[in-house]
Amino acid sequence: MFRDKDRYLSIILISPSILAVLIFIYGFIAWSVRVSFSAWKGLNPDYTWVALKNYIELFSDPRFHVDVRNTLIFTGVFVIGSILLGFLLAVMLDQGLKGESFFRSLFLFPMAISYIVTGVVWRWLMNPAEGDRLSGFNLLFSYLNLDFLINKWHTTETWGIAAIALAAIWQMSGYTMAIYLAGLRSIPDELREAARIDGANEFEIYRHIILPLLSPVTLSALIILGHMSLKVFDLIIAVAGKQLPLDVPAIYMWQTTFDGLFYGRGAAIGILLLVSVAVLIVPYIRYTLKTEAQQ
Amino acid sequence: MNAFRLHIGKKWLYVPLVAMAIFYLIPMYVMIVTGFKSFAEVDLQTMWNLPKGIHFDNYVEAFSQLAPSLWNSFIMVIPAAIISSWLGSLNGFILAKWKFRGADFIFPFILFGMFIPYQSILIPLVIFINNTLRPIGLGGIPALIIAHIIYGIPITTLTFRNYYASLPQELLEAAKIDGADMLGIYRHILLPISIPSFVVVLIWQFTSAWNDFLFAVVLTGNRSWPITVALNNMAGSQIISWNVQMAGSLLAALPTLLVYIFLGQYFLRGMLAGSLKG
C-alpha cells in the first residue's frame, strides 16, 4: 500500500531517535549495571569484576537503611496525602460552582514551579526555630492560637522526611485533582440520576458508583506519584541540603558517586532505583497499551 | 425541597475551597511580600506582615546575582524545547501513521524511557560528556541541551503519537491519491494541524528543562549553571539572607509561571499526556 521509497524514508527519519534511545537509555543502563558489578572507586575507571559486592554492602549499610525508611515514609505521606486532597478538591470542583476554573487554575499552579523554588520557600516556612525566634508556619500557628501545632518540621527525629512530603503534596495535589476531575467529567450524569431515583443519597452515590468507576484513575495516580517518590531528590536538597537524617537513595547516589567517587556503589544505587521504578511502571505501560489497543 | 437543601449545601463548599486556596497561595504570598520589603524591615519574625511601601532592594540584589544563570537557562531551554518537540512530532507521525514492521514493539521501550530514574544512566552520561563532548567544546550548556533533547524524546514522541493516532486515516489516503509522498503529507497536512500539539509539547519541554536540577547540577560548572542550581547554591550560602533568596525564587519561578498563567490550558494537556493519557 505504501511506496517503498516512503517506507525507507520513514525508517531513516526515525532511526536517529531510536538509536539515541537505544544508546542513551538502554546502552547506558547496561553500562551502569556493569559499573555496579565493579570495584570502581576513585577518579580512574576500574572495571574489576566484584559480582554483587556493591549490592550486598548496600543491604548492610546503615545509611541505606535510613534511605529505605525515609523513602517509605515519604511515599506513604505523599501518595496518600496527594490522592486524598486531590480527590476532595476534584469532588468539590465538580459541583458546578461559580469560579470553578479560577480555583482549578489556582490549585494547579505549583506544578509549573520547580522543586528547587518550592524547597527554598518551604525551607523558610518550616523554620524550626523556637521561642522569640519563631517564624514561618510556627509563627502563623502562634498568631492563630494553635500553639499545639508548632513543631520542628523537617528537623523532627525520624519523621522529618514527612515534612518534606507536605511540600511535595502542595506541589503535586493539583495533578491528582486534575486527573480525578477529568475522570469525574467522563461519568455520565444518567448514572447519578438513576441512583438518586433509586433513593441513594449523595454519599452513597460517591461510595458505590463514582469511586469504583474512578479506580483506574486512582491506579494511575498511585503509580505516577509512587514512582515520583522513589525519585525524590531536588526538593530535599533545596529544603535541607545533604543531611543524613533526610537522606534518600537519589541523594546517596549523587553524593557517593560525584563527591565520594564510589562509582561502583553509586551505580548499584542507581540500578536499584531503576528496578523499583520498573516494578511499578512496566505493568502500567503494558496495561495502558493493552486498553488502548482494545479501544 | 431537596434542590433547595442542595443549593444551600453547595454554598458552604466555598469555605473549604477558599481555605485551600489560601494554603496554595501562602508560599506565593511570602515570596512576593518579602521581595517588596526594604532591607531595613526584613525580619524573620515579621515575615507575615505586609511591606511598608514598595521597595525593589531584594529583587535588584537577587537579579544582580542570578542574571547570568537566568540567561544560561534561557539559552539552554529554548533550543532544547524546540529540537525535542520537532523530533517528537516526526517520530509520532511515523509511529502513528507510517508504521513499519516492529513499530508497535519499539514504542513501549521508548515510553519506558520517560519514567526511568536518571540516576541509573548518570555515570555513563557524565563519562560520555567528559570524554566525547567536552573535548570538542560541547561541555556545559551544550551538553545539557543534548541531554534534555535525548531524554525528552520519549515524552514528546508519546504526545505527538497519541495526537496523530486520533486523526482519521482518510486524511492521509486522500492526500496519497493526490500524489503526495510521506514528507509532503507531513509538511503540508499534519504539521499545520498539529500547531496546538506543538504548543503543548513546547510548553511541557520548556517547563521541565527550566525546572530540572539533577542534569544541571551534574553536567554544568559554575559559569554555566542554570537558574535552579544557582538558586539552590544561593539558598545554601550563609552570606545571602533569606529575603534575597525569596526574591530570587520568584525570579526563578517567573518564566514558567507566566507560561502557566497565559497558556494554562496547554500546560494541563501536557501534564495529562505525561501520565500516558493523551
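Visitor: How far does helix α13 (residues 263–294) of chain A reach from its first C-alpha to its last?
Guide: Happy to start there: this is a predicted model, in which local features need pLDDT of at least 70, side-chain atom pairs count only at pLDDT 80 or more, and totals for chains, interfaces and linings use all residues. Residues are numbered from 1 along each chain as its sequence is written, while chains are lettered from A and ligands numbered from 1 in the order in which they are written. The helix (a DSSP run of H or I, at least four residues, numbered from the N terminus) has 32 residues, and 46 Å is expected at 1.5 Å a residue (1.5 Å times one less than the number of residues). Close to that value, its reach is 45 Å.

Visitor: How far apart are the end C-alpha atoms of helix α3 (residues 57–97) of chain B?
Guide: α3(B) has 41 residues, so at 1.5 Å a residue it should span 60 Å. The model agrees with this, as the end C-alpha atoms are separated by 56 Å.

Visitor: Which residue of α3(B) carries the kink?
Guide: The bend in α3(B) is about 55°. It comes shortly before the proline Pro68(B), at Leu66(B).

Visitor: Which helix gives the most to the side of chain B that touches chain A?
Guide: The contact (C-beta atoms, placed from the backbone, within 7 Å) takes 81 residues from chain A and 68 residues from chain B. The chain B side divides into 51 nonpolar, 15 polar and 2 charged residues. With 15 residues, the top contributor is helix α12 (residues 242–273) of chain B.

Visitor: At what angle do the axes of helix α5 (residues 115–125) of chain A and helix α2 (residues 14–36) of chain B cross?
Guide: These two axes come within 10 Å of each other, and their crossing angle is roughly 90°.

Technical notes. Axes are lines fitted to C-alpha atoms, for helices over the stretch in contact, and angles run from 0 to 180 degrees between N-to-C directions. The bend at a residue is the angle between axes fitted to the seven residues ending there and the seven starting there. Two residues are in contact if their C-beta atoms, placed from the backbone, lie within 7 Å. Ala, Val, Leu, Ile, Met, Phe, Trp, Tyr, Cys and Pro count as nonpolar, Asp, Glu, Lys and Arg as charged, and the others, Gly among them, as polar.
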